[in-house]
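Please look over the sequence and the structure shown below before reading on.

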Amino acid sequence: MAALLLLRRLAAGGAVTRLQQPYAGLATAAARQDALDATGEESGRPDKGNKNRWMELPPFAPVDAAAAARAIFRGQGGDEIEGNSNSTAIRWVRRCCPHLPASLVQKLFRLRKVKKNAVTAETSSTDASAEQFRLRRVSAKDHLVPGDTLFLPVNIQESPVAEKARKFDNRNEIDFLRSLEIYKDKAIIVVNKPPGMPVQGGVGIKNSIDVLAPMFEENSSDAPRLVHRLDRDCSGVLVLGRTQLSASILHAIFREKTADALADGTQQVLQRKYVALVMGTPRHPKGLLSAPLAKVLLQDGKSERLTVRAGPNTTSVQDALTEYRVIESCPRGFTWLELFPLTGRKHQLRVHCAEVLGTPIVGDYKYGRQAHQDWTPLPVPQTVDEELLRKQRLPFGLVLGGGSVAEEQPQLHLHCKQMMLPDISAAVQGLQSEDAERDFSGLEKLSFVAPLPLHMRLSWEVLKSVDK
């Protein structure tokens, strides 16, 4: 019924309507409307009753996210950005309609509700050739060429799937998640991820950043997108893209950083600094760790872990580079380190600390289990602030407090403290402008800093007081 009411309201405005948000430049050609009114779904015969009303997306104009990332990464012009992308229909719909849930977009393609313009030449009664518009079904994986125009049903906003996406109404949970925000603009959201919160869903995981991401947006069903990962028990700076374009560019920038590092590059567009507490002391106060990583299957045949592996017969090996610097050596054999990953491999910092430096991270029971066999908690000094000792239950089953070196089972002491990125919002604005000369050399560099989690702050205070 709601869809019928919407159609009646739109009837006076023509068959092709303009998509209101959030894409600029969705103007439609009024001259096409009479032709579209008479367009059948597949046969080209008139549509009796004119029940099918269509929403026209902008003509396909590809932007190569990888080329854009290279230009941003190297501070160059963007002449190569246009026309290099061979995008599919579903990607273009998601880029033009980021406010639509991904599940709804996929359903529209499955139900054959997404159409593409097909221009044919027909001979009229006066033998004059005239262009006739016909809508033809398009599948999700069909590739588009510049100028292709896609059409969606106007009643998609009334879909039960769209309503289902607006299910987050717990004010305490929303307020907590938004309290994690460090920075927000039109292109990205930066949060300080708490330890214990998964970034991505999986078996047995109910609440994760990617599932809860819609809570970061007000009055929008569009969810920010993950562009990189942090381990579940790791904390610190996590960046999400607010649009399909910004997320694609950020994905490519993270990939470009790894490629540049392996090519012995010197670009510093993307920088990350982690703080870790390790067991033992490195032989040198600073250095560069270059040790390739490979997956190995554990004895149960199901679990896997990463290990340092090299050799001509080794398959599925990924090169990994990490810079490190000793911040402070502490009594009882503990050391605070700064870690700078030059590549972005899974568990890279944890494996490099445990297997290359020989100093596993405190609380890392996957790669430092042996070192924790004889773990002895350290005493808490009386001078420690009581706020550091207080435990508090948080939304999503999280707990604030506990897990320091004073506990029987400490949490992982690994925190992404700082990240530096180019201004992605300004870059996206430049890409969407009509200016043919795009120069990214002057992009501002943004720095995001996340304070240490409570258990690492308490460990710092405890270690300062040991043997004093």
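In this predicted model, the secondary structure of the protein comes to twelve helices and 19 strands. The protein has 468 residues, of which 47% count as buried.

**Overall picture**
- Among the contacts in the protein with a separation of 6 or more, 70% are accounted for by residues 24 or more positions apart.
- The accessible surface of the protein comes to about 23,900 Å², and 47% of this surface belongs to carbon and sulfur atoms.

- In soluble globular proteins, nonpolar side chains tend to be buried together.
- The largest nonpolar core holds 63 residues, and the members that touch the most other members are Val 239, Ile 249, Leu 339 and Leu 414.
- Helix 9, which covers residues 244-262, gives the most to this core, with seven residues.
- Because domain 1 (54-119 + 134-156) and domain 2 (163-256) both give residues to this core, it lies between them.
- Apart from this core lies another core, of 20 residues, which includes Leu 108, Leu 144, Leu 150 and Leu 152.
- When residues up to four places away in sequence are not counted, Leu 339 touches several residues, among them Arg 272, Tyr 274, Glu 323, Cys 353 and Leu 414.

**Helix 11**
- Within helix 11 (residues 424-432), the residues Ile 424, Ser 425, Ala 427, Val 428 and Leu 431 are buried.
- Seen down the axis of helix 11, these buried residues fall within an arc of 160°, and they therefore line one face of the helix.
- The N-terminal end of helix 11 is capped by Asp 423, with a side-chain oxygen that lies 3.2 Å from the backbone nitrogen of Ser 425.

Notes:
Residues numbered from 1 in each chain as written. Predicted model: local features only at pLDDT ≥ 70, side-chain atom pairs only at ≥ 80, totals over all residues. Heavy atoms only, no water. Helix = DSSP H or I, 4+ residues; strand = E, 2+ residues; numbered from the N terminus. Buried < 20%, exposed > 50% of the residue type's maximum accessible area, 1.4 Å probe, protein only. Contact = heavy atoms within 4.5 Å. Areas by Shrake-Rupley, 256 points an atom, 1.4 Å probe, with all protein chains shown as cover. Arc of directions from axis to C-beta. Polar contact = N/O pair within 3.5 Å; in protein donor to acceptor, adjacent residues only side chain to side chain. Core = buried A, V, L, I, M, F, W, Y, C linked by side-chain atoms within 4.5 Å. Domains from an automatic or database assignment.
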